[in-house]
Amino acid sequence: MSEIELEIVRPAAMMPGVKVAVLGAGKMGGILLQAFLKNNLLAPEQIVATVQHADRALALSAQTGVEVTTDNLAAATWADVILLGVKPIQVPGLIETIKGGLTAEKMIVSFAASVKTTAIEAAAGLELAVIRAMPNTPSMLAAGVTALCGGRFASAEQMSVAQRIFATVGRTVVVAEKHMDAVTGLSGSGPAFIYIIIEALAEAGVNVGLPRDVATLLAAQTTLGSAKMVLETGYHPALLKDQVTTPAGCTVDGILELEEGGLRVTLIKAVKRATARAKELAAG
């Protein structure tokens with residue numbers, strides 16, 4: 001009896017006809033690359049990625065089925081949408097390298113922290129659509145949030161494309177560029193602040209007798225569930241807090257300790273300090 005060959009039919013990509021180059025498929029670039037394929041936003045033949053070293057290019061290409069190269073100029077010349085995934089200090093040099101492949105019909109989406117759209121526009125030397133993005137590390141699990149702002153030449157349609165790109169790794173929000181440093185201070189740095197809170201809650205659980213693994217699970221899942229309550233109910237956090245806080249109960253005593261310890265003010269100061277540092281970096 002002969003074997004029956006089954007034809008594997010791949011669903012059509014959700015953004016057909018769009019060619020995307022990921023220049024710098026490192027940490028966040030690599031996350032986005034995987035998300036495009038997993039969510040069927042783009043087919044492998046619609047993507048070209050670049051890395052610094054040839055051996056890494058071969059490995060990543062074998063892993064993803066996407067063309068991966070070390071030639072940034074060739075990738076940028078081929079693509080309609082160019083994602084900049086390099087470090088902020090590398091952006092000017094990268095723009096200079098790909099400048100010959102840029103046209104006014106293309107768009108650049110940069111997620112290099114603190115690099116302004118005007119700086120990229122000026123380096124490109126033409127009226128090019130530039131969109132700045134600030135994703136955060138939970139994007140690795142498609143639980144991130146990305147703030148987006150458009151430069152002078154970015155259209156509403158191009159902003160929509162950028163939103164679809166980053167929707168593959170979580171939620172998106174569009175803000176004015178003047179707010180991007182604040183976004184960096186809140187959602188960019190925020191995961192580190194939350195990890196400290198989870199760590200502290202777990203330590204407290206150990207202190208009152210819980211095994212460490214149980215305490216960590218309780219702290220992390222409680223944080224996750226509380227965040228989902230805010231996002232999915234739409235209720236103000238203060239209202240949700242009041243629903244937990246019964247008169248003369250345990251929670252109100254704990255809240256009094258938090259207020260006395262200055263947790264609220266300390267978190268506000270942490271975001272303000274991180275925002276101030278982001279402004280310093282943006283100013284060069």
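I began at the residue that follows helix 1, Asn40, and noted its positive phi, near 60 degrees. Helices (H or I, at least four residues) and strands (E, at least two) are DSSP runs, numbered from the N terminus.

I recorded the basis of the entries: this is a predicted model, in which local features need pLDDT of at least 70 and side-chain atom pairs count only at pLDDT 80 or more, while totals for chains, interfaces and linings use all residues. Residues are numbered from 1 along each chain as its sequence is written, and side-chain values use heavy atoms, with hydrogens and water left out.

**Helix 1**

I looked up the span of helix 1, residues 27-38: its twelve residues reach 17 Å from first C-alpha to last, close to the 16 Å expected at 1.5 Å a residue. The expected span is 1.5 Å times one less than the number of residues.

I then listed its buried residues, among them Met28, Ile31, Leu32 and Phe36. Buried means under 20% relative accessible area, exposed over 50%, and partly exposed in between (1.4 Å probe, protein chains only). The cover over these residues includes strand 1 (20-23), strand 2 (47-50) and helix 6 (156-166).

**Ile165**

I found Ile165 in helix 6. Ile165 is buried, at a relative accessible area of 1%. Leaving aside neighbours within four places in sequence, Ile165 is in contact with Leu32, Phe36, Leu41, Val81 and Leu83; contact means heavy atoms within 4.5 Å.

I traced an open sheet of eight strands with mixed pairing, in the order 3-2-1-4-5-6-7-8. Strand 3 (67-69) and strand 8 (170-174) stand at the edges with a single partner strand each, so one side of each lacks a neighbour in the sheet. Neighbouring strands are turned by 20 degrees against each other on average, direction ignored. Two strands pair if DSSP finds at least two bridges between them.

I checked strand 6 and strand 7, which pair in the antiparallel sense over four bridges. Met134 has Ala147, in strand 7, as its bridge partner. Helix 5 packs on the sheet, touching strand 4, strand 5, strand 6 and strand 7, and its direction makes about 145 degrees with that of strand 6. Axes are lines fitted to C-alpha atoms, for helices over the stretch in contact, and angles run from 0 to 180 degrees between N-to-C directions.

**Helix 5**

I noted that the buried residues of helix 5 (residues 117-124) are Thr117, Ile120, Glu121 and Ala124. Seen down the helix axis, they fall within an arc of 100 degrees, so they line one face of helix 5. The arc is that of the directions from the helix axis to the C-beta atoms. Just after helix 5, Gly125 takes a positive phi of about 75 degrees.
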